[in-house]
Amino acid sequence: MSFELPKLSYAYNALEPYIDARTMEIHHGKHHGAYTNNLNGAVQGTALEGKKIEEILAGVSAHSAVVRNNGGGFYNHNLYWEVMAPGGAKNPAGELLDAINGSFGSVQNFKEAFTKAALTRFGSGWAWLVRQGDSLVVSSTPNQDNPLMDVAEVKGTPILGIDVWEHAYYLNYQNRRPDYVDAFWNVVNWDEVARRFKG
Ligand code: MN
């Protein structure tokens with residue numbers, strides 16, 4: 001198989017009470033598992049087989065909706081699991097902190113912009129912190145689109161993302177997306193965000 005569902009580096013219950021174990025288990029095993037399987041099915045025997053996911057997404061406008069939706073779903077969830085961790089640093093530091101301050105004025109301003117993007121995304125999608133050269137911007141995308149895609153309104157390298165599909169929070173938070181987004185800050189893995197920023 002071309003693409004593999006990654007193992008998480010922490011247990012399903014490790015992000016509690018902010019994200020519950022049952023949500024994590026279904027989200028990773030069922031949702032991410034399905035995106036991965038469907039992507040493999042879509043690329044098998046085509047010119048896309050063996051290509052890196054980033055390369056596929058960069059030219060996604062030339063491919064089918066199945067590749068766009070499942071390729072995005074595969075990539076986005078890989079990022080989502082990695083930019084969360086139990087007991088990580090509470091705030092960005094170093095060069096990432098400098099870049100956030102330079103682009104948004106303060107961490108607080110950045111968090112407000114990111115939260116607004118997450119809350120105003122109508123329906124299913126994602127909010128992102130995106131590197132564009134030396135600067136950072138916040139964006140959001142519908143469905144499983146992301147800033148690596150040539151179809152994205154705001155293009156760049158995503159270094160932090162939050163899944164705001166209801167499957168990411170409904171069991172624990174029901175319709176209260178704002179509570180989920182608030183809770184998310186407690187589990188952000190700033191070391192991984194910084195690694196992706198330098199990447
Ligand atoms: Mn999801």
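Trainee: Where is asparagine 143 found?

Mentor: In this predicted model, asparagine 143 sits in the loop that links β2 to β3.

Trainee: Why does asparagine 143 count as partly exposed?

Mentor: Its relative accessibility is 39%. Buried would require under 20% and exposed over 50%, so a value in between is called partly exposed.

Trainee: What makes the phi of asparagine 143 worth a remark?

Mentor: Its phi is positive, about 55°, and the residue is not a glycine. Most residues other than glycine have a negative phi. Glutamine 174 is another non-glycine residue with a positive phi, at about 50°. Glutamine 174 belongs to the loop between α6 and α7 (177-184), and its relative accessible area of 31% makes it partly exposed.

Trainee: What joins glutamate 16 and proline 17, and how do you know?

Mentor: Omega is about 5° there, and the peptide bond is cis. Most peptide bonds are trans. Proline 17 falls in the segment before α1.

Trainee: Why does asparagine 146 count as buried?

Mentor: Asparagine 146 has 0% relative accessibility, and the cut-off for buried is under 20%, so the term applies. Asparagine 146 lies in the loop between β2 and β3. Its contacts beyond four places in sequence are Leu57, Gly72, Tyr75, Asn76, Trp128, Thr141 and Ala152.

Trainee: What makes the pairing of asparagine 146 and asparagine 76 a polar contact?

Mentor: The two side chains are joined at 2.9 Å, and the limit for such a pair of N or O atoms is 3.5 Å. The side chain of asparagine 146 also reaches the backbone nitrogen of leucine 148, at 2.8 Å.

Trainee: How do you know which residues coordinate the manganese ion?

Mentor: By distance: His27 (NE2), His77 (NE2), Asp163 (OD) and His167 (NE2) are at 1.9 to 2.1 Å, and the limit for a donor to this metal is 2.8 Å. The spacing of the donor residues in sequence is H-x49-H-x85-D-x3-H.

Trainee: Why can histidine 27 and histidine 167 be said to tie parts together?

Mentor: Histidine 27 is in helix α1 (residues 21-43), and histidine 167 is in the loop between β3 and α6 (170-173), so the pair connects parts 140 residues apart in sequence. Both histidine 27 and histidine 167 are buried.

Trainee: What is the crossing angle of α3 and α8?

Mentor: Roughly 130°, with the axes coming within 9 Å. The contact brings Tyr75, Asn78, Leu79 and Glu82 of α3 against Glu192, Arg195 and Arg196 of α8. By class, the residues of this contact are two nonpolar, one polar and four charged.

Trainee: Which residues of helix α8 are buried?

Mentor: In α8 (residues 190-198), they are Trp190, Glu192, Val193, Ala194, Arg196 and Phe197. Their cover includes α3 (65-82), α4 (94-104), α5 (107-120), β1 (125-132), β2 (135-142) and β3 (157-163).

Definitions and conventions
Residues numbered from 1 in each chain as written. Predicted model: local features only at pLDDT ≥ 70, side-chain atom pairs only at ≥ 80, totals over all residues. Heavy atoms only, no water. Buried < 20%, exposed > 50% of the residue type's maximum accessible area, 1.4 Å probe, protein only. Helix = DSSP H or I, 4+ residues; strand = E, 2+ residues; numbered from the N terminus. Contact = heavy atoms within 4.5 Å. Polar contact = N/O pair within 3.5 Å; in protein donor to acceptor, adjacent residues only side chain to side chain. Donors = N, O, S within 2.8 Å, 3.2 Å for Na, K, Ca; no water. Axes fitted to C-alpha atoms, helices over the stretch in contact; angles between N-to-C directions. Nonpolar A, V, L, I, M, F, W, Y, C, P; charged D, E, K, R; others polar.
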